[in-house]
Amino acid sequence: MGGKDNYEIDQIVGDASLEVDPDIRTMAVQSRQFLIRAVSHLAREEGIRQFLDIGTGLPTMQNTHEVAQSIAPESKVVYVDNDPLVLAHARALLNSTTNEGVTTYIDSDYHYPEQIVADARNVLNFDEPIGVMFMGVLGHAKSYDEMLRIVRTVMGEVRPGSYLVLWDGTDDSQAYVTLCENYTNSGGVPYVPRPQAQIRAAFDGLELIEPGFVSITQWRPPTTEVGEAQPISAYGGVARKP
């Protein structure tokens with residue numbers, strides 16, 4: 001992505017990953033663009049002022065709170081992660097960009113969604129709509145059923161009018177599947193690309209907004225790119241809880 005918050009070993013692994021799957025750079029860049037477009041839509045068009053970003057990952061450019069608070073300065077954003085390095089960066093970088101807003105983080109594993117909700121209640125008002133986000137992280141869930149349980153537990157606690165923003169890697173590309181297998185074999189926490197239908201199931205019971213469940217490159221791309229955006233092995237969408 002061209003960021004500066006990384007180490008030499010990260011760059012070495014990144015270069016090696018590109019040799020296996022050249023599209024991984026596109027996925028990295030486009031996943032951030034999807035986040036920016038989705039959060040911007042919720043803040044600007046849907047009036048969402050609270051965000052629960054679960055599985056934050058390392059802070060980079062245009063994080064959730066920066067996007068939301070640039071549109072609605074009073075926005076409250078709670079990040080969730082359990083990676084010590086992520087939390088160290090969070091303490092230094094994830095600061096509210098406005099006096100009116102709130103930006104904080106929870107040290108927790110998304111396999112314990114009940115605890116996440118309990119902790120988030122200390123900051124967010126669950127009587128008002130919340131934008132819940134799982135951005136490319138649920139491939140780490142221990143199983144398909146566990147993935148659904150995590151999402152449905154959190155969405156079961158937020159009020160109608162809340163939104164789910166979710167994308168994850170799919171098994172459409174053998175190069176990407178191989179890359180994930182190599183990552184697992186290196187000792188990393190396994191990431192399992194799933195069929196599109198399994199990721200789509202996370203939205204069951206919710207109302208997908210246009211353009212529905214699509215490759216993240218094709219979710220409301222800039223008008224200059226409409227008709228040009230090619231699908232990649234990363235699918236998701238934005239849906240409203242009725």
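Which residues does isoleucine 209 touch, not counting residues up to four places away in sequence? I found His41, Tyr163, Trp219, Arg220, Val238 and Ala239, where contact means heavy atoms within 4.5 Å.

**Basis of the entries.** I note that this is a predicted model, in which local features need pLDDT of at least 70 and side-chain atom pairs count only at pLDDT 80 or more, while totals for chains, interfaces and linings use all residues. Residues are numbered from 1 along each chain as its sequence is written, and side-chain values use heavy atoms, with hydrogens and water left out.

**Entry on isoleucine 209 and its loop.** I placed isoleucine 209 in the loop between strand 6 and strand 7; helices (H or I, at least four residues) and strands (E, at least two) are DSSP runs, numbered from the N terminus. Isoleucine 209 counts as buried because its relative accessibility is 15%, the classes being buried under 20% relative accessible area, exposed over 50% and partly exposed in between, with a 1.4 Å probe and protein chains only. From isoleucine 209 to glycine 237 I read 7.7 Å, C-alpha to C-alpha, although 28 residues separate them in sequence.

I then looked at proline 211, which is also placed in the loop between strand 6 (207-208) and strand 7. The peptide bond that joins glutamate 210 and proline 211 is cis, with omega at about 5°. I set beside this that most residues other than glycine have a negative phi, and most peptide bonds are trans.

Arginine 220, one of the residues that isoleucine 209 touches, has a positive phi of about 50° although it is not a glycine. I found arginine 220 in the loop between strand 7 and strand 8, and with a relative accessible area of 34% it is partly exposed.

**Entry on valine 214.** Valine 214 lies in strand 7 and is buried, at a relative accessible area of 14%. Leaving out residues up to four places away in sequence, I listed Trp219, Ala234, Tyr235 and Gly236 as what valine 214 touches. Valine 214 and alanine 234 stand 20 residues apart in sequence, and their C-alpha atoms are 8.5 Å apart in space.

**Entry on the aromatic rings.** How many aromatic pairs are there? I counted three, under the rule that rings of Phe, Tyr and Trp (its six-membered ring) pair if their centres lie within 6.5 Å, with planes under 30 degrees apart counted as stacked, over 60 as edge-to-face and the rest as tilted. The rings of phenylalanine 34 and tryptophan 219 are edge-to-face because their planes stand at 85°, with the centres 5.6 Å apart. This pair links distant parts of the chain, 185 residues apart, as phenylalanine 34 is in helix 2 (residues 24-44) and tryptophan 219 in the loop between strand 7 (214-215) and strand 8 (234-240). Phenylalanine 34 is buried at 0% relative accessible area, and tryptophan 219 is buried at 1%. I also noted one aromatic cluster formed by Phe203, Phe213 and Tyr235.

**Entry on helix 2 and helix 3.** I read an angle of about 35° for the packing of helix 2 and helix 3 (residues 64-71), with their axes 9 Å apart; axes are lines fitted to C-alpha atoms, for helices over the stretch in contact, and angles run from 0 to 180 degrees between N-to-C directions. Helix 2 brings Leu35, Ile36, Val39, Ser40, Ala43 and Arg44 to the contact, and helix 3 brings Thr64, Val67, Ala68 and Ile71.

Isoleucine 116 lies in helix 5 (residues 113-120) and is buried, at 1% relative accessibility. Not counting residues up to four places away in sequence, I found that isoleucine 116 touches Leu52, Ile54, Val80, Ile106, Ser108, Asp109 and Tyr110. Of these, I looked up isoleucine 54, which is 62 residues from isoleucine 116 along the chain, with 8.7 Å between the C-alpha atoms.

Is aspartate 107 buried or exposed? Aspartate 107, found in strand 3 (residues 102-107), is exposed, with a relative accessible area of 54%.
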